[in-house]
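Here's a quick briefing to read alongside the sequence and the 3D view. Keep both open and follow along.

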Amino acid sequence: MVTAPPALAAGPRDVTADVLADRDVTLSGDTVVTVPAGTTTYDGVFRGEGTLTVRGRGTLILTKDSDFTLPRSRQRQSVRTQGGNHPYVTTTRPDPPAITVERGATLQYGNGGTTGLIGHFPYATPAFRLNQDNIRVDGTLRLSLTSAYNLGTVSGSGLITQPRFLWGTWDLTSGPFSGVIDNGTQTNAGRPEYATALP
């Protein structure tokens, strides 16, 4: 009797060609983009359900806002707003990262304007919009945005950098991020509505 070899799990879908061609990408599971050396400006958007991993040796600049979510089977976090005169938000059991920036790669949100963020905002949080798409940064995340924005729970040990003189505001929330934050202009390191702590 001949036994069939065990089926191999399918790897992540590689959408590098779509990104280089500026085509919109609909996620349907784990997805990777390998950024070539130099700078790649992407004018498309990511949507759907899945994860996005950015790897390679170059910089990927996103110029449009993207909105996608983790598959429902991976969503577990609970977001609650405590009531009263001074409501505040708590997040328990954060979801795994929807976005990962691997060591050596740079992901840039925006190009000096108000768009270019990856985010999904289903929560009715007071005074700020809490991002459901958590991110792991082991490479570099550059925040080139002039708007107010939130990255959800941030993990990893890379570099998050914000260029000077943009006057965008990163609403920082708690997370296990242990890398370097280069605050070029302005960061809300904790609002009354969301207590913030980093290791």
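Helices (H or I, at least four residues) and strands (E, at least two) are DSSP runs, numbered from the N terminus. On that basis, the protein has one helix and 18 strands. One thing to keep in mind is that this is a predicted model, where local features need pLDDT of at least 70, side-chain atom pairs count only at pLDDT 80 or more, and totals for chains, interfaces and linings use all residues. Residues are numbered from 1 along each chain as its sequence is written, and side-chain values use heavy atoms, with hydrogens and water left out.

**The overall picture**

- Of the protein's 199 residues, 46% count as buried (buried means under 20% relative accessible area, exposed over 50%, partly exposed in between, with a 1.4 Å probe and protein chains only).
- Take the contacts between residues at least 6 apart in sequence: 38% of them join residues at least 24 apart (contact means heavy atoms within 4.5 Å).

**The nonpolar core**

- In soluble globular proteins, nonpolar side chains tend to be buried together.
- Here, the largest nonpolar core has 34 residues, and the ones touching the most other members are Phe46, Leu60, Leu107, Tyr109, Ile135, Leu141 and Leu151 (such a core is a set of buried Ala, Val, Leu, Ile, Met, Phe, Trp, Tyr and Cys residues joined through side-chain atoms within 4.5 Å).
- At least two residues of this core come from each of β2 (25-35), β4 (46-56), β5 (59-62), β9 (99-101), β10, β11 and β12 (140-145).
- β2 gives the largest share of this core, with four residues.

**Aromatic rings**

- A search of the whole structure turns up one aromatic pair (rings of Phe, Tyr and Trp, using its six-membered ring, pair if their centres lie within 6.5 Å; planes under 30 degrees apart count as stacked, over 60 as edge-to-face and the rest as tilted).
- The pair is Tyr42 with Phe46: the ring centres are 5.1 Å apart and the planes sit at 45 degrees, so it goes down as tilted.
- Tyr42 counts as buried because its relative accessibility is 0%, and Phe46 counts as buried at 1%.
- Beyond its neighbours within four places in sequence, Phe46 is in contact with Val19, Val25, Leu27, Val33, Leu52, Leu62, Ser66, Asp67 and Phe68.
- Phe68 belongs to strand β6 (residues 67-69) and is buried at 1% relative accessibility.
- Leaving out residues up to four places away in sequence, Phe68 touches a list of residues that includes Leu27, Phe46, Arg47, Ala98, Ile118, His120 and Asp133.
- Phe68 and Thr51 are 17 residues apart along the chain, with 8.4 Å between their C-alpha atoms.
- The charged end of Arg129 sits over the ring of Phe121, 3.9 Å from the ring's centre (for this, NZ of Lys or CZ of Arg must be within 6 Å of the ring centre and within 35 degrees of the ring normal).

**Polar side chains to look at**

- Thr161 is in strand β15 (residues 159-161) and counts as buried at 11% relative accessibility.
- The side chains of Thr161 and Asp182 are joined by a polar contact of 2.8 Å (a pair of N or O atoms within 3.5 Å; within protein, one must be able to donate a hydrogen and the other to accept it, and residues adjacent in sequence count only if both atoms are side-chain atoms).
- Asn111 lies in strand β10, and its side chain makes a polar contact of 3.5 Å with the side chain of Gln108.
- Setting aside neighbours within four places in sequence, Asn111 is in contact with Ile61, Leu62 and Ser144.

**Loops**

- Gln132 is in the loop between β10 (106-113) and β11 (135-137), yet counts as buried at 10% relative accessibility.
- Ala127 is in the loop between β10 and β11 as well, but is exposed, with a relative accessible area of 53%.
- Ala127 has a positive phi of about 70 degrees although it is not a glycine.
- Asp22, also not a glycine, has a positive phi of about 65 degrees; Asp22 is found in the loop between α1 (16-20) and β2.
- With a relative accessible area of 33%, Asp22 is partly exposed.
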